[in-house]
Amino acid sequence: MADEVTVRLLSDGRFTLPKSLLVYGKYFGEVYEAALKPMLIISEGKKILVDTGLGELPEKHARFHKIIRKPGEGLEAQLEALGMGPEDIDIVVNTHLHFDHCGKNALFENAEFYVQVSELRYAYAPDRFMKNAYVREFFDVGVKYVPIRGPYRLTKHVLIVPTPGHTPGHQSVVVELPDGRRVVYCGDAATLRECVERRNIPGVLWRSDVALRSIDKLRSIRNAIYVYSHDNEQLELALP
């Protein structure tokens, strides 16, 4: 039915990184096990996946990040537990193309990938200070990208909202539930809960002023249930 929509938070495990990369100006010297949390939406019969987790890192990245996955974690295993495979996914929304959000794009050969034009352009030619965040072999994989500009409605219930700042073409996903609540997948516009609650911008930035405006945009959404992309306190979050 047109009004039916389901949302499920998945796990692709965790990976270690300096916590200061998640919140600007804080947590220097702390190592954090950041959650990898793709989200599955089923709306109007379409299976929509938000972000694809983390693939096998090249050596220059692997020496700085440890990937931790318990049995049953990992995006493929999570989909299999739901009776699905990568071939069943119709649409992928990459919030952006940093390596920990598009690492398994190549698995979803049947899907259309919705990405902001500005993000696609920047991923191929990032500023020097952002180069290490993009791993070209994760996103330049021959899948079908659908370049979009600005807000985009995928279905009656699923809206893509630009939230730049972390990267030029970062986007978040809002799922409008029939009861009026909204599941807001922040991506790295708000890496942790405190980003929304305290207006703390991420530690990795393209533009800090734009990032703060995006946080305020997220904060303005009414009846919101926020999903913070790397908050490991949300691993068991049950969505409506």
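Student: Is Cys195 buried or exposed?
Tutor: This is a predicted model: local features need pLDDT of at least 70, side-chain atom pairs count only at pLDDT 80 or more, and totals for chains, interfaces and linings use all residues. Residues are numbered from 1 along each chain as its sequence is written, and side-chain values use heavy atoms, leaving out hydrogens and water. Buried means under 20% relative accessible area, exposed over 50%, partly exposed in between (1.4 Å probe, protein chains only). Cys195 has 0% relative accessibility, so Cys195 counts as buried.

Student: How far from Cys195 is the nearest cysteine sulfur?
Tutor: A disulfide needs a pair of cysteine sulfur atoms within 2.5 Å. Cys195 is in no disulfide; the nearest cysteine sulfur belongs to Cys186, at 8.6 Å.

Student: How many disulfides does the structure hold?
Tutor: A disulfide is a covalent bond between the sulfur atoms of two cysteines. The count for this structure is 0.

Student: Which residues of helix 6 are buried?
Tutor: Helices are DSSP runs (H or I, at least four residues), strands likewise (E, at least two), numbered from the N terminus. Helix 6 covers residues 208-219. Its buried residues are Val210, Ala211, Ser214, Ile215 and Leu218.

Student: Which residue of strand 3 stands opposite Arg14?
Tutor: Two strands pair if DSSP finds at least two bridges between them. Strand 2 (residues 14-18) pairs with strand 3 in the antiparallel sense over 5 bridges. Opposite Arg14 stands Ala35.

Notes:
The expected span of a helix is 1.5 Å times one less than its number of residues.
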